[in-house]
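The entries follow the order in which I worked.

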Amino acid sequence: MNPLAFFDTLYIVARLDKTLGNAAFAEIHLFAYLSCLMSLYARQPVSAWGYRFAVTEAGSPFCTEIDLACGEFVRRGFLTETDGFASVTRRGERELEFLRSLLQYRRRETYLDGACASALALPVGLVREALGRQAELRIADAGVKSRLLLEEVRLHRLHKDFAELSAAIGIGLKELMVPAVIWLNYTLQNGDQLGQAVSQGGTRA
Amino acid sequence: MTGMNLQAIGEFAASHYMAMIAEAHGDAGVVALRQLIGALHAFYQQIAPELCRSTLTVFRPLDPTLRPLSIRGGRTIRDFMTLPADVRLPCVVQVVSERELILWNGIQIEYQQLAEHSVVYRFEEEIETFYAGQLSRPVPRLGPTQCSAFAHPTFRDLAQALEVYRITWAQRSSCPILSQVWYDSDRLFIKSKPEDTMQEALCNFLRMTMRGSAEIRREQPMDETHPIDIKVTWFLLNRIALIEIKWLGQSKHTEGPRRGELATEYSASRANDGARQLAGYLDMNSVRSPTQVTQGYLVVIDARRAGLSAQTVSLSAREGFSFRDREIEYTPTFHRERPDFAPPIRMFVEPVCRGA
């Protein structure tokens with residue numbers, strides 16, 4: 001069991017539970033991926049995230065460690081599950097409270113928090129749509145069945161966009177909800193163009 | 001990369017309300033914004049923004065202990081279920097915490113002044129604006145079926161989503177995308193070849209509102225020549241839905257020498273054609289993907305009217321609504337014989353009628 005995926009899963013379900021009433025299992029993967037992107041925005045190396053994402057045939061991010069954590073949490077009674085949607089139990093809340101007190105998760109909580117807060121400003125369907133238009137997941141559209149996402153060699157465009165975004169809104173801003181929502185809005189409006197450019201020009205600008 | 005404006009994201013960010021609030025009030029402003037948006041979600045769950053005919057002003061001071069409005073008559077709200085009974089627009093709401101508001105009914109305020117030390121939100125004539133410091137920015141409209149960016153219905157069930165679309169957005173052609181299919185403002189005639197717009201309208205709605213792992217895509221090929229109109233894939237649940245859209249009614253040519261002439265007319269038999277077509281797609285899919293759980297949905301946009309001719313410019317209610325309650329008879333009844341064929345959904349779109 002990957003302890004980082006463990007923490008992220010419980011945190012994300014608790015946050016989406018509060019905002020949306022529950023969390024679909026697919027949405028946990030989605031917001032974990034967005035959280036990882038927020039860590040990239042904060043200039044952390046992708047290798048520091050602690051687990052990898054693959055892209056499914058449908059063009060969505062998926063993580064085996066998150067999937068395992070979901071199953072384990074339901075088994076342990078930290079989550080309840082109905083028709084593919086999860087909610088946190090009291091037991092899960094206590095477990096999360098304990099985990100949040102540990103120093104090792106403090107920094108990544110910032111990224112998770114910023115990503116999950118985007119669900120306040122955008123319907124989850126549009127978060128999914130925006131991420132689906134992101135170049136990394138668009139390349140998957142071209143018929144690659146399963147591939148690891150966010151390999152450093154392909155992140156040039158993303159790093160450039162994030163650098164420009166952070167220059168525009170202020171590097172010192174602690175609240176990552178702002179870059180998350182702005183970047184998602186931007187991708188919704190421009191994602192087709194970005195995806196095509198990456199497909200035509202290769203993975204480096 | 002050709003044709004790319006590498007400055008675009010910076011310019012886009014500078015015009016966004018969140019960047020504006022961060023610029024005006026820093027991290028404290030963003031904290032205030034989060035609480036304000038949370039309150040808006042709760043507010044709009046009780047009071048639909050479509051029903052807000054006058055101004056709503058909501059603010060959250062940077063210092064949550066402040067009470068900047070010294071106006072008497074503010075009511076403290078801790079149970080948001082009482083909002084429908086308590087709110088009378090125009091009104092002003094202070095967000096005290098996630099579970100507490102102060103409400104003043106029937107007043108307008110100097111919100112620009114308030115924005116010096118608060119984050120202020122205004123909803124007026126379906127336009128949403130944030131104010132912070134000396135600045136203001138509109139909230140981007142995310143989709144045509146969304147009255148407020150902070151009130152978005154979501155659905156776990158596709159059939160439920162389609163039913164809500166039928167009642168809320170199709171029935172009176174309130175969907176701004178669907179509204180583009182009409183040749184005339186009274187919705188008597190459809191423009192020639194409306195299929196693309198109808199697909200886009202429903203697809204857009206489903207993308208915004210479907211929860212879970214639902215991926216919604218248009219015109220997915222079933223074989224070399226036949227695409228299904230909309231395909232919904234739930235990748236974690238091994239389920240897909242195939243949606244076929246058919247329209248009924250009378251269309252008119254919109255361009256060229258035949259502009260204004262009658263074009264295609266589709267009657268109830270077109271719905272039966274659609275049902276047979278969908279059954280065929282389901283059969284094809286069961287061969288290609290035998291392990292997937294598949295459900296087919298036939299959506300019929302019903303714009304049939306009685307008494308139409310090329311010269312018709314208005315209809316009575318009796319003529320315009322003559323097909324409103326006339327359900328389509330299907331032969332064969334795939335929805336009764338096949339477990340993978342959902343009951344067809346007929347969406348009658350009301351015309352504007354003049355006279356009884």
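Helices (H or I, at least four residues) and strands (E, at least two) are DSSP runs, numbered from the N terminus. With that settled, I found that strand E2 (residues 54-55) of chain A pairs with E6(A) in the antiparallel sense over two bridges, and that Ala54(A) has Leu148(A) as its bridge partner in E6(A).

I noted that this is a predicted model, in which local features need pLDDT of at least 70 and side-chain atom pairs count only at pLDDT 80 or more, while totals for chains, interfaces and linings use all residues. Residues are numbered from 1 along each chain as its sequence is written, chains are lettered from A and ligands numbered from 1 in the order in which they are written, and side-chain values use heavy atoms, with hydrogens and water left out.

In chain B I traced an open sheet of seven strands, with mixed pairing and the order E2-E4-E3-E1-E5-E6-E7. Its edge strands are E2 (75-77) and E7 (135-138) of chain B, each pairing on one side only. I then looked at strand E5 (residues 118-124) of chain B, which runs antiparallel to strand E6 (residues 127-132) of chain B and is joined to that strand by six bridges; Val119(B) has Ala132(B) as its bridge partner in E6(B).

Next I turned to where the chains meet, taking contact as heavy atoms within 4.5 Å. I recorded 45 residues from chain B and 55 residues from chain A in the contact. The area buried between them (accessible area, 1.4 Å probe, that two parts lose on being put together, summed over both) is about 4300 Å², of which carbon and sulfur atoms give 63%.

For salt bridges I required a side-chain nitrogen of Lys or Arg within 4 Å of a carboxyl oxygen of Asp or Glu, and the rule finds six across the interface of chain B and chain A. I also looked up the salt bridge between the side chains of Glu27(A) and Arg211(B), at 2.7 Å from N to O. On the side of chain B that touches chain A, the elements giving two or more residues are helix H1 (8-14), H2, helix H6 (195-209) and strand E9 (214-221) of chain B, and H2(B) gives the largest share, 13 residues.

Technical notes. Pairing = 2+ DSSP bridges.
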